[in-house]
Amino acid sequence: DVSERLIAFVENSEYQLVETLAEECAALVMNEFSVPWLRLQLGKPQALSRAADVGIIIERGVRQGGVDCG
């Protein structure tokens, strides 16, 4: 369910920055699926001619044990 929702969201988005898209994806998962903490990795293949992929990894929410991320 999460994968299908994220795919639909990304396909219908027009974000220019991978960072903004990552933040919106994280918020979507946390809000719609009641996820208290997540680590999200998002890549943009072929964004740079000399790199196979560029991307970002973010952590958001509160991890078990009370560590606040983000």
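Predicted model: local features only at pLDDT ≥ 70, side-chain atom pairs only at ≥ 80, totals over all residues.
Is Glu32 buried, partly exposed or exposed?

We can start with the fold as a whole. The protein chain has two helices and three strands, and along the sequence these elements follow the pattern α-α-β-β-β. If you draw a box around the C-alpha atoms along the principal axes, its sides come to roughly 40 × 25 × 15 Å. Of the 70 residues in the chain, 24% are buried. As for how the chain meets itself, take the contacts with a separation of 6 or more: residues 24 or more positions apart account for 29% of them. The accessible surface is about 5,300 Å², and carbon and sulfur atoms hold 48% of that area.

Now let's step inside. In soluble globular proteins, nonpolar side chains tend to be buried together. Here the largest nonpolar core contains 13 residues, and Cys25, Leu40 and Leu42 are the ones with the most contacts within it. Helix H1 (2-11), helix H2 (18-32) and strand S1 (37-45) each contribute at least two residues to this core. H2 gives the largest share, with seven residues.

From the core we can move on to the charged groups. The chain carries 6 positive and 11 negative side chains, with the centres of the two sets 8 Å apart. Side chains of opposite charge can pair when their charged atoms come close. In this model, three salt bridges are counted.

One of these brings us back to our opening residue. Glu32 forms a salt bridge with Arg5, with an N to O distance of 2.8 Å. The pair links distant parts of the chain, since Glu32 belongs to helix H2 and Arg5 to helix H1, 27 residues apart. And the answer to the opening question is that Glu32 is partly exposed, because its relative accessible area is 44% and the range between 20% and 50% carries that label.

Next comes the pair of Glu23 and Arg60, whose closest N and O atoms lie 2.4 Å apart. Glu23 is partly exposed, at 33% relative accessibility.

The remaining pair joins Glu59 and Arg39, with 2.6 Å between the closest N and O atoms. Glu59 is in strand S2 and Arg39 in strand S1, so this bridge ties together parts that are 20 residues apart in sequence. With a relative accessibility of 23%, Glu59 counts as partly exposed.

Ser34 is not a glycine, yet its phi is positive, at about 50°. Ser34 lies in the loop between H2 and S1, and is exposed, with 64% relative accessibility. Further along, Gln46 has a positive phi of about 60°, although it is not a glycine. Gln46 is found in the loop between S1 and S2, where its relative accessible area of 69% makes it exposed.

Technical notes. Residues numbered from 1 in each chain as written. Heavy atoms only, no water. Core = buried A, V, L, I, M, F, W, Y, C linked by side-chain atoms within 4.5 Å. Buried < 20%, exposed > 50% of the residue type's maximum accessible area, 1.4 Å probe, protein only. Helix = DSSP H or I, 4+ residues; strand = E, 2+ residues; numbered from the N terminus. Salt bridge = Lys/Arg side-chain N within 4 Å of Asp/Glu carboxyl O. Contact = heavy atoms within 4.5 Å. Areas by Shrake-Rupley, 256 points an atom, 1.4 Å probe, with all protein chains shown as cover. Lys, Arg positive; Asp, Glu negative; His and termini not counted. Charge placed at Lys NZ, Arg CZ, Asp CG, Glu CD.
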